[in-house]
Amino acid sequence: MFKHNYIYSLRLMLRNKQLVFWTMAFPLIMAMLFNMALSNVESSEKTEPVRIAVVNDDNFKNNQIYKEAFNELSKGDDRVFDIKYTDADNAKKLLSDEEITGYIAFKNFKPEITINRNGIKETIMTYVVNEITCQSNVMIKLAFNKLSDEISNGNYNNIQKIFEEQSQKAFNGEDGIKTVTPKNMSFVMIEYYSLIAMSCMYSGLFTLTLMNYLMANISAVGKRSTVSSARKSGMIFGSFGAAFTIQLFGLLLLYLLLIFGIRADFGSNVPYVILISLLGSAAGLSLGTAIAVLVKKSENAKFTVLIAVVMAGCFLSGMMGITMKNVIDKNAPVLNKINPEAMITDGLYSIYYYNSNERFIVDAVSLVIFSAVMLLISLRGLRRQRYDSI
Amino acid sequence: MSDKKVIEVKNLVKEYKELRAVDDISFDVYEKEIFGLLGPNGSGKSTTINSILSLLKYSSGNISIFGKEMTPDAYDIKRDIGVIFQDVAVFQELTVYENIDYFCGLYIRDKKQRKQCIEDAIELVSIGDYKKFYPKQLSGGLLRRLNIACGIAHKPKLIFLDEPTVAVDPQSRNSILEGIKKLRDDGATIVYTTHYMEEVEQICDRIIIIDKGKIIASGTRENLKKLAKIEERITVEIKKMDKEKLEGFKKLEKVTDVSYEGHTLVVSFSGGKNNIANMIDHLRNNNFSYRRVYSERPTLNDVFLELTGKELRD
Ligand SMILES: Nc1ncnc2c1ncn2[C@@H]1O[C@H](COP(=O)(O)OP(=O)(O)OP(=O)(O)O)[C@@H](O)[C@H]1O
Ligand SMILES: [Mg+2]
């Protein structure tokens with residue numbers, strides 16, 4: 001039954017124009033649009049430094065890493081920032097007078113960005129500060145390891161020296177950490193990552209369509225397959241397998257376009273990129289299954305619900321600018337913890353940036369949990385059963 | 001028809017919140033018969049069928065098919081059942097041939113055997129010219145025929161047809177009814193629901209009539225017709241008629257009812273052998289100027305009218 005359903009499911013999907021558009025064509029179109037819009041931005045905007053202010057209080061003064069980083073970034077002709085060091089009130093005033101794009105204040109060693117709107121300069125600013133944060137975390141960790149080595153050797157004297165050594169190394173790109181300028185990596189890369197995430201989640205439309213065909217309380221053809229002598233599990237696996245196949249094919253097209261056409265960079269850890277793509281697709285397929293079972297509305301209504309959920313997820317995970325992701329991380333971190341698109345985007349991001357696997361593993365495991373939960377809550381509706389009404 | 005029971009339904013009750021859609025129905029279906037379920041819209045025909053098929057949860061009752069209890073995972077029973085649902089159930093994305101192949105493939109794995117089955121089904125409903133068509137390119141009647149082909153291609157021993165001829169032109173309808181008779185002649189048992197009494201009269205061996213979820217009559221066509229108090233009905237086209245003259249017809253032998261409406265006189269008889277001759281004599285003797293005269297046997301509609309006081313089709 002698996003094979004029979006697999007083959008026919010492929011046909012049913014490939015001949016469904018609406019389905020093919022949303023799952024395969026739409027992400028490709030978006031990728032090209034992004035490329036057009038963003039390549040202009042990069043060439044024109046990157047040359048001009050972003051004017052920001054930094055609140056120069058004790059919190060900042062004690063923060064060696066950021067001090068150095070800001071110093072680096074506001075040096076030379078291709079500098080990223082023009083920085084005014086000032087107090088909080090003045091920074092606020094500068095921002096409201098539109099003298100600066102935004103200002104940064106430190107609390108508990110963490111930078112907090114204040115901006116007034118969501119534009120390209122704001123995106124660059126947020127992106128770069130994020131970079132410093134991410135890298136400083138890695139740096140601290142490396143320094144820590146080194147320190148504990150030293151301490152276990154009974155050497156307590158050169159803590160400061162070790163720390164400086166480490167940050168020096170980090171900035172020079174040793175130990176695999178990249179420097180914090182938009183030269184090295186396009187700040188728009190995250191948009192392409194979220195495009196991959198979107199494509200993964202849109203695969204839900206495949207399972208949504210196919211599962212509807214199997215449920216007697218939803219479609220007429222579902223009644224037919226339910227009264228047949230075919231085992232339901234075989235049919236479900238056949239459909240799911242076919243959906244997975246087509247999804248991976250669509251994703252491959254998108255990767256080819258992004259890598260060879262647009263020259264987006266996904267880092268060098270190919271197995272991890274493949275793994276996160278597989279897990280992301282599984283999350284999309286199971287989300288579609290859950291919506292097919294749980295939303296008791298017409299097929300069109302379900303379609304709309306899924307598209308809305310996916311687009312909202314894209315938006316929250318930073319497709320329309322990384323500033324949004326930051327706002328969410330700051331104000332409602334839970335949202336990105338349960339948003340599979342944030343997990344996929346973040347996973348790709350961490351593959352590119354970090355040597356450490358931890359963040360990637362958290363993302364991967366989150367996706368597995370998300371998929372499992374979605375499938376579990378769908379099971380009840382997919383079982384062969386007598387319905388209350390059909 | 002043999003005396004082997006294929007379906008046994010005992011005291012089936014199905015309640016939707018307020019409504020008793022099926023109200024304590026019991027009946028048996030025998031091997032190789034065409035069993036008719038006749039009833040007006042909303043009488044509970046589809047609900048009964050869907051309960052028998054284990055698609056619907058029913059409130060109480062027992063259902064067995066081929067002597068075994070019917071359940072949602074009774075695969076061995078389901079193997080020998082074919083269902084044609086009231087709503088056309090085909091994939092828009094698949095051609096006529098592919099649709100039949102898909103549904104047939106849910107029962108028959110062997111490709112060669114399946115191919116033969118599909119060809120047979122296509123021939124039975126005569127849609128051979130449309131194999132490569134997509135459903136949206138088919139007329140209503142052809143679509144219904146495809147719907148039937150999808151349900152019977154795997155050569156089931158027991159076939160349910162739920163109003164397969166709704167909204168179908170007379171030519172397609174006749175082709176469908178002939179096909180169903182052929183299936184019966186080839187050895188299948190058939191359960192046929194409809195609200196068209198003509199169809200039931202044309203093909204069913206035994207019939208139950210249901211109304212508001214209850215069986216109000218059952219038996220063979222001839223048995224049922226005895227329930228109608230009339231045996232013959234004579235219709236005459238007459239230009240003019242007055243009350244007094246109308247009364248005159250009631251004096252004829254065995255007359256049970258007389259009515260005149262829109263230039264048409266209808267006289268019902270409860271028996272008698274020479275009704276039409278008597279009628280014509282009466283018309284001549286009273287100098288009526290009349291046109292057409294014709295006589296009919298009672299229909300199941302008369303039975304329904306007799307039992308419920310309303311027409312089968314409102
Ligand atoms: N899902 C449902 N919820 C509530 N009531 C229902 C539901 N399905 C059917 N009914 C009611 O049950 C009764 C029987 O419906 P059913 O479809 O079995 O009739 P039917 O004889 O097949 O009619 P038709 O000739 O129109 O197909 C109707 O009164 C109908 O309104
Ligand atoms: Mg019905």
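## Cysteines, a strand trio and a helix serine

The sulfur of B:Cys104 lies 4.9 Å from the closest cysteine sulfur, that of B:Cys117, which is too far for a bond. A disulfide is defined here as a pair of cysteine sulfur atoms within 2.5 Å, and the structure holds 0 of them over all chains. This is a predicted model, in which local features need pLDDT of at least 70 and side-chain atom pairs count only at pLDDT 80 or more, while totals for chains, interfaces and linings use all residues. Residues are numbered from 1 along each chain as its sequence is written, chains are lettered from A and ligands numbered from 1 in the order in which they are written, and side-chain values use heavy atoms, with hydrogens and water left out.

The table lists buried residues (under 20% relative accessible area, with a 1.4 Å probe and protein chains only).

| Residue | Relative accessible area |
|---|---|
| B:Cys104 | 0% |
| B:Cys204 | 1% |
| A:Ser371 | 9% |

A:Ser371 belongs to helix H17 (residues 358–382) of chain A, helices being DSSP runs of H or I with at least four residues and strands runs of E with at least two, numbered from the N terminus. Its side chain reaches the backbone nitrogen of A:Ala283 at 3.4 Å.

In chain B, strand S13 (residues 264–269) is joined by 6 bridges to strand S11 (residues 232–238), running antiparallel, and it also pairs in the antiparallel sense with strand S12 (residues 255–261) over 6 bridges; pairing requires at least two bridges found by DSSP. B:Glu232 has B:Phe269 as its bridge partner, whereas B:Tyr260 stands opposite B:Leu265.

Technical notes
Buried means under 20% relative accessible area, exposed over 50%, partly exposed in between (1.4 Å probe, protein chains only). A polar contact is a pair of N or O atoms within 3.5 Å; within protein, one must be able to donate a hydrogen and the other to accept it, and residues adjacent in sequence count only if both atoms are side-chain atoms.
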